[in-house]
Amino acid sequence: MLTSVLAGFAASAVLIVAIGAQNAFVLRQGLRREHVLAVVAVCAVSDLALILAGIGGLGAVVSARPDAVTAIRWIGAAFLVAYAIMAARRAMRPSKLNPAERAPATLGATLLTCLALTYLNPHVYLDTVLLLGSIAQQHPHRWLFGIGAAAASLVWFTALGAGAHKLGPLLARPAAWRVLDGLIALVMLGVAVNLVTS
C-alpha cells in the first residue's frame, strides 16, 4: 500500500514541478504575499478533485470526446495569451516589491484568476486527469496512489507559496520584476502555442 502512495507522490511531483501558468501565479502571489493560503488551498483542492476524477474514470470519458478536448485547448490558449499580455505589460512598467505602494488585489479577483489558470488550462486535464488517472489504474491500490499524488500537489504548492517571500530582497528592484514578469509572459505564451500546435 505504501508503494502505491509513494508512486502517486513521485508521478505527481514530476508533472507538477515543471513551471507553468499555475505555478507562475502561485509564485507571484507568494512574492507579493497576497492571499497565499487561499491560492495554495484552491490549487491543492483542485488537483485533488481532478486526480480523483481521473482515477474514477473521467479520463476515459474525456479522451473519447476529441472535439471537447480541442475546444478546451483553444479556450485555454486564448486565456493564457491574455494573461501573457498582462505580464508583458507589467514587464514594460516594472515596480519594486513594496506592498505598501500598491493596494493588494481583492480575494475574489485573486481566486477567480487562480481558478481560471487551473481549469482553463488543458494541460491540467491532460496531466492530472488523463495521465495520472491512467497510471493509477496500473496500481492495486489506485485510491492510495491518488492520495499520494494529491499529497505531492499540496507539498509543492505550499512550498512554492510560502517559500517565495524569501526572494523578496532580490525582487525589491524593478529590474528583477521586469525579468520575472517577462519570464511569466514567455511561459504563458509558450504553453498557449504548445496547446494549439500539439
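The legends below describe several views of one predicted model.

View 1. The secondary structure comes to 9 helices and 0 strands, where helices (H or I, at least four residues) and strands (E, at least two) are DSSP runs numbered from the N terminus. Of the 198 residues in the protein, 40% are buried, and buried here means under 20% relative accessible area, with a 1.4 Å probe and protein chains only. Among contacts (heavy atoms within 4.5 Å) between residues at least 6 apart in sequence, 90% join residues at least 24 apart.

**View 2. Helix α3 covers residues 36-55.** This helix has 20 residues and reaches 28 Å from its first C-alpha to its last, close to the 28 Å expected at 1.5 Å a residue, the expected span being 1.5 Å times one less than the number of residues. Its buried residues include Val36, Val39, Cys43, Asp47, Leu50 and Ile55. Just after α3, Gly57 takes a positive phi of about 115°.

**View 3. Arg32 and Glu34 meet in a salt bridge.** Their side chains come to 2.5 Å, N to O, where a salt bridge is a side-chain nitrogen of Lys or Arg within 4 Å of a carboxyl oxygen of Asp or Glu. Both Arg32 and Glu34 are buried, and a search of the whole structure finds 1 salt bridge.

**Notes to the views.** Residues are numbered from 1 along each chain as its sequence is written, and side-chain values use heavy atoms, with hydrogens and water left out. In this predicted model, local features need pLDDT of at least 70 and side-chain atom pairs count only at pLDDT 80 or more, while totals for chains, interfaces and linings use all residues.

Methods: Buried < 20%, exposed > 50% of the residue type's maximum accessible area, 1.4 Å probe, protein only.
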